[in-house]
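Please look over the sequence and the structure shown here before reading the points that follow. They take up the strands, the helices beside them and a part of the surface in turn.

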Amino acid sequence: MAIIGTDIINAISFLQKDELVAIPTETVYGLAGNAFSTKAITAIFETKNRPSFDPLIVHVADAEQLNDLVTEVPAAAQKLIDAFWPGPLTLLLPKSASIPDFVTAGSKLVGVRCPDHPLTHQLLQQLPFPLAAPSANPFGYISPTTPDHVAKQLGEKIPYILDGGPAGIGLESTIVGFEDNQAFVYRLGGLSIEALEKIIGRVNIQLNVSSNPKAPGQLKSHYAPKKKFLIKEKEQFNQPQKNIGLLSFQKDYQFQIQKILSPSGNLAEAAANLFTYMRALDESPVDEIWTELVPDMGLGKAINDRLIRASAEK
Ligand code: TXA
Ligand code: MG
């Protein structure tokens with residue numbers, strides 16, 4: 001069983017032996033390994049049960065570390081780095097030869113991100129290599145936002161979970177790439193479209209759904225609980241049902257088993273609670289879970305994206 005602790009030296013020693021460590025970030029917990037090591041990368045795919053066509057994000061301590069990892073940083077990407085790193089923004093950039101092909105699933109682009117968490121920042125600063133890290137959950141399930149979530153699902157398979165407390169943002173990073181001098185958002189996440197557009201102007205949103213997506217976070221059914229998860233109109237919440245768990249945005253509908261994302265209607269609070277509440281309802285003794293969409297603005301867009309994917313037919 002994994003040890004849960006705050007000992008960076010311990011985490012470093014596992015990572016240097018090509019073993020995996022779960023790391024805290026401001027978005028969700030990551031399952032991290034040496035991005036330059038075949039052994040560590042293979043272990044990441046096996047531990048998550050992740051298909052090999054799904055590329056990994058490479059995490060760096062600061063923008064300077066990018067120099068060895070990518071061959072080009074477009075002007076718009078540099079503006080976003082200056083504005084939002086460290087933070088919940090992943091950039092797709094042309095990879096250098098130092099990144100193994102299987103990290104990017106054969107793509108010429110690598111996803112890079114500088115996480116905003118003090119423990120993980122120290123860890124990355126002290127390591128002689130960047131960390132490849134997908135979210136620390138079995139493929140397709142809800143991402144973990146606490147060490148306990150990680151321990152429950154992957155605790156038997158990894159030696160150490162670095163405990164940085166609950167994730168502050170609670171949604172995965174926003175993924176941005178560049179084609180023909182235009183910016184494209186491939187995954188909605190912890191950085192809002194509005195915030196991006198303030199820095200670089202209009203961005204295109206391309207959340208494709210296909211069998212071979214650019215980012216499997218775009219798969220129609222993803223981030224999903226095991227129980228049936230249904231988006232309903234509020235009117236249907238007026239008659240509380242015993243065997244149904246309710247995940248509501250703001251209002252108390254008097255269900256016996258219910259979670260309210262943000263009683264004050266704050267979208268950042270709703271985002272921080274989303275995955276923890278989805279898990280709690282999934283583990284509670286109900287037959288199915290009902291939910292509603294939240295206001296479609298700011299972080300609400302990414303919350304709605306996750307709710308819709310969680311409710312898609314598997
Ligand atoms: O917030 C986050 O991004 C978290 C924390 C741990 O950093 N990580 C995360 O990783 O969510 P993961 O692997 O669960 O989701 C990363 C998404 C996947 O859908 C993957 O397909 C996409 O990013 N991705 C990564 N590298 C890519 C690349 N080179 N080209 C296209 N998509 C890429
Ligand atoms: Mg994931």
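In this predicted model, strands β13 and β15 run parallel and are joined by four bridges, with Ile 244 standing opposite Glu 288 in β15. In general, strands of a sheet pair through backbone hydrogen bonds, either parallel or antiparallel.

**Strand β13 and its surroundings**
- β13 also pairs in the parallel sense with strand β14 (residues 258-260), over three bridges, and the partner of Leu 247 in β14 is Lys 259.
- Because five of the five residues of β13 (residues 244-248) are buried, this strand is largely enclosed by the rest of the structure.
- Ile 244, Leu 246 and Ser 248 point one way from β13, while Gly 245 and Leu 247 point the other way.

**The eleven-stranded sheet**
- Eleven strands form an open sheet with mixed pairing, in the order β1-β8-β2-β3-β7-β4-β6-β5-β9-β10-β11.
- β1 (3-5) and β11 (204-205) stand at the edges with a single partner strand each, so one side of each is left without a neighbour in the sheet.
- Strands β2 (residues 21-23) and β3 (residues 30-34) pair in the antiparallel sense over three bridges, and Ile 23 stands opposite Gly 30 in β3.
- Helix α3 (residues 75-84) packs on the sheet, where it touches β5 (89-94) and β9 (174-179), and its direction makes about 150° with that of β5.

**A nonpolar surface patch**
- Ile 231, Leu 293 and Ile 308 form a nonpolar patch on the surface, which together has about 230 Å² of accessible area.
- Leu 293 lies in the loop between β15 (288-291) and α8 (299-311), and it counts as partly exposed because its relative accessibility is 38%.

How values were computed. Residues are numbered from 1 along each chain as its sequence is written. Chains are lettered from A and ligands numbered from 1 in the order in which they are written. This is a predicted model: local features need pLDDT of at least 70, side-chain atom pairs count only at pLDDT 80 or more; totals for chains, interfaces and linings use all residues. Side-chain values use heavy atoms; hydrogens and water are left out. Patches are made of residues with over 30% relative accessible area and no salt bridge: like charges are joined within 9 Å, nonpolar side chains (Val, Leu, Ile, Met, Phe, Trp, Tyr) within 5 Å. Accessible areas come from the Shrake-Rupley method with a 1.4 Å probe; for residues, only the protein chains shown count as cover. A salt bridge is a side-chain nitrogen of Lys or Arg within 4 Å of a carboxyl oxygen of Asp or Glu. Helices (H or I, at least four residues) and strands (E, at least two) are DSSP runs, numbered from the N terminus. Buried means under 20% relative accessible area, exposed over 50%, partly exposed in between (1.4 Å probe, protein chains only). Two strands pair if DSSP finds at least two bridges between them. Contact means heavy atoms within 4.5 Å. Axes are lines fitted to C-alpha atoms, for helices over the stretch in contact, and angles run from 0 to 180 degrees between N-to-C directions.
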